[in-house]
Amino acid sequence: LKPLASWGRCSMQKGDTWTMGAAVERAYAQEVVKRGGVVMPLCAFVGNSGLTGAPMMVTAKGWRVAPDFLVVRHGGALWAEVKAKSQPAYYFKRRRWEHGLDWYLVKHYRDVQRESGSPVWIIVYEEHSPTSAEAAPEWDERHLTPYRCCEESGVWLYARLDAVIEAGERRKTWPDGQGGEHGHGGLLWPRDIMHQVRASQ
């Protein structure tokens with residue numbers, strides 16, 4: 001699968017983090033194709049609304065921010081939102097590993113799922129992962145990337161949107177203490193509810 005000429009717009013080209021995101025999106029698309037699916041990166045469908053630079057879909061109820069991909073396989077369709085993470089976050093208060101998503105996006109993706117009738121899946125690529133389920137960083141290393149208790153892994157984790165909503169909690173000040181770019185905070189869920197899948201050879 002050759003990279004699309006405009007693929008850089010999928011991750012908005014804002015430095016190393018976004019470059020990593022674009023590479024992971026390409027890798028995910030390749031995995032889908034290897035497993036017999038058809039994948040459409042919706043990042044090409046941008047600039048259609050002044051509200052956001054994210055991919056959008058049109059429904060009877062108006063514009064919705066869409067997940068990164070529409071995947072079709074065996075006659076069924078699903079939506080996939082792909083996130084690239086250098087490592088999972090550790091929530092010291094609850095002593096657990098977590099991943100998160102902007103609450104603003106959670107609301108849109110819930111509407112996308114309801115209005116399209118196709119499930120939304122959250123896909124996370126971890127560059128580094130905890131060495132065990134019991135591993136935990138020390139408080140004084142909370143700003144390290146990676147943590148000393150994480151090792152290079154390159155694993156893919158996935159869960160349905162419904163599952164992360166049910167297991168997660170909204171934090172109104174996440175991720176920057178002010179609720180993020182849209183001021184709505186985020187949804188944080190335990191890493192251990194996600195399933196791991198190995199990359200195909």
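Select Gly117 first. This glycine follows helix α2, and its phi is positive, near 80°. Helices here are DSSP runs of H or I with at least four residues, strands are E runs of at least two, and both are numbered from the N terminus. The model is predicted, so local features need pLDDT of at least 70, side-chain atom pairs count only at pLDDT 80 or more, and totals for chains, interfaces and linings use all residues. Residues are numbered from 1 along each chain as its sequence is written, and side-chain values use heavy atoms, without hydrogens or water.

Step back into α2, residues 103-116. Its end C-alpha atoms are 20 Å apart. Now colour the buried residues (under 20% relative accessible area, 1.4 Å probe, protein chains only). Among them are Trp103, Tyr104, Leu105 and His108.

Next, show the open sheet. Its six strands run in the order β1-β4-β5-β8-β9-β12, with mixed pairing. Pairing takes at least two DSSP bridges between two strands. Zoom in on β1 and β4: they pair in the antiparallel sense over four bridges. Select Pro41; its bridge partner in β4 is Phe69.

Which residues are closest to the centre of the second largest pocket? Select Tyr28, Val32, Arg35, Arg73 and Ile123. The elements that give two or more residues to this pocket's lining are α1 (16-34), β4 (69-73), β8 (120-130) and β9 (150-160). A pocket is an open set of points on a 1 Å grid over the protein atoms alone, where a 1.4 Å probe fits, with protein on both sides within 12 Å along at least five of seven lines; lining residues have an atom within 4 Å of a point.

How values were computed
Expected span 1.5 Å × (residues − 1). Buried < 20%, exposed > 50% of the residue type's maximum accessible area, 1.4 Å probe, protein only.
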